[in-house]
Amino acid sequence: MKSLATYPRIAGINYESMNDGNGMRAVIYVSGCPHHCPQCHNPESHDPAYGEELTPDLLTTIRKEIADRPFLQGLTLSGGEPFFQPQATFNLLNLLNLSALRSKDEPPLNLWIYTGYTWEELMGVLSSNHPEREAVFQLLNHTDCLVEGRFEIAKRDITLAHRGSSNQRIIAAKISLNGSQSCAEALTDLPPVDLSMDYDAVKNGGK
Ligand code: SF4
């Protein structure tokens, strides 16, 4: 994990995807990934310098495109690796201000994140003095569903919902962090993660 920029560069955007989480979703693919999984589908996104800079115009466009699609269930952050530059990714999430894109009468947009890191690796960062520790916590604490783990070609399974290989897991991250407001609180009372939790358990956005 690095702290390279204020915001990640944007490797791609899909405003109507059925393949990146539950339901119809907007997907932002951020640039930068250190994992180099064999047969990765997005190798161009590994370079953090790839893609577009997040300019005010691009931000305005993204927010308008999402606001104009009331049928979207949520936003997915994928990559690349959203946790490669966690503070930058969290800055992006803050700028998007998802809650302001729906009225009080509409269901809120939920957040899915795809990461190549495992849950245990991310918890290891939270338990460390890593400079990006708080950013990792904040990202996880806003994430309804985390799809975690590297893509392993030997475990590829096209029958799995929302995952490419069977080692990857879907975790209700926000719930697993116990809704804590700070990293210190979460680590004091971190409930055990139910690793058997499957798609059905979180298909409504972890709620
Ligand atoms: S984590 Fe995702 S983007 Fe990164 S190498 Fe693996 S499959 Fe590709």
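In which handedness of crossing does H2 pass H4? The crossing is left-handed, meaning that the near helix is turned anticlockwise from the far one by less than a right angle. Helices here are DSSP runs of H or I with at least four residues, numbered from the N terminus.

Colleagues, please note that this is a predicted model, in which local features need pLDDT of at least 70, side-chain atom pairs count only at pLDDT 80 or more, and totals for chains, interfaces and linings use all residues. Residues are numbered from 1 along each chain as its sequence is written.

I turn to the helix pair. H2 covers residues 86-96 and H4 residues 133-140; they pack at about 40°, with axes 8 Å apart. The axes are lines fitted to C-alpha atoms over the stretch in contact, with angles from 0 to 180 degrees between N-to-C directions. Pro-86, Gln-87, Thr-89 and Phe-90 of H2 meet Ala-135, Val-136, Gln-138 and Leu-139 of H4; contact requires C-beta atoms, placed from the backbone, within 7 Å.

Next, the ligand. It is surrounded by 13 residues, the closest being Cys-33, Cys-37, Cys-40, Gly-116 and Phe-151; the criterion is a C-beta atom, placed from the backbone, within 6 Å.

Finally, confidence. The mean pLDDT of the chain is 87, and 84% of its residues reach 70 or more, on the predictor's per-residue confidence scale from 0 to 100. Over residues 194-199, however, the pLDDT is below 50.

How values were computed
Helices (H or I, at least four residues) and strands (E, at least two) are DSSP runs, numbered from the N terminus. Two residues are in contact if their C-beta atoms, placed from the backbone, lie within 7 Å.
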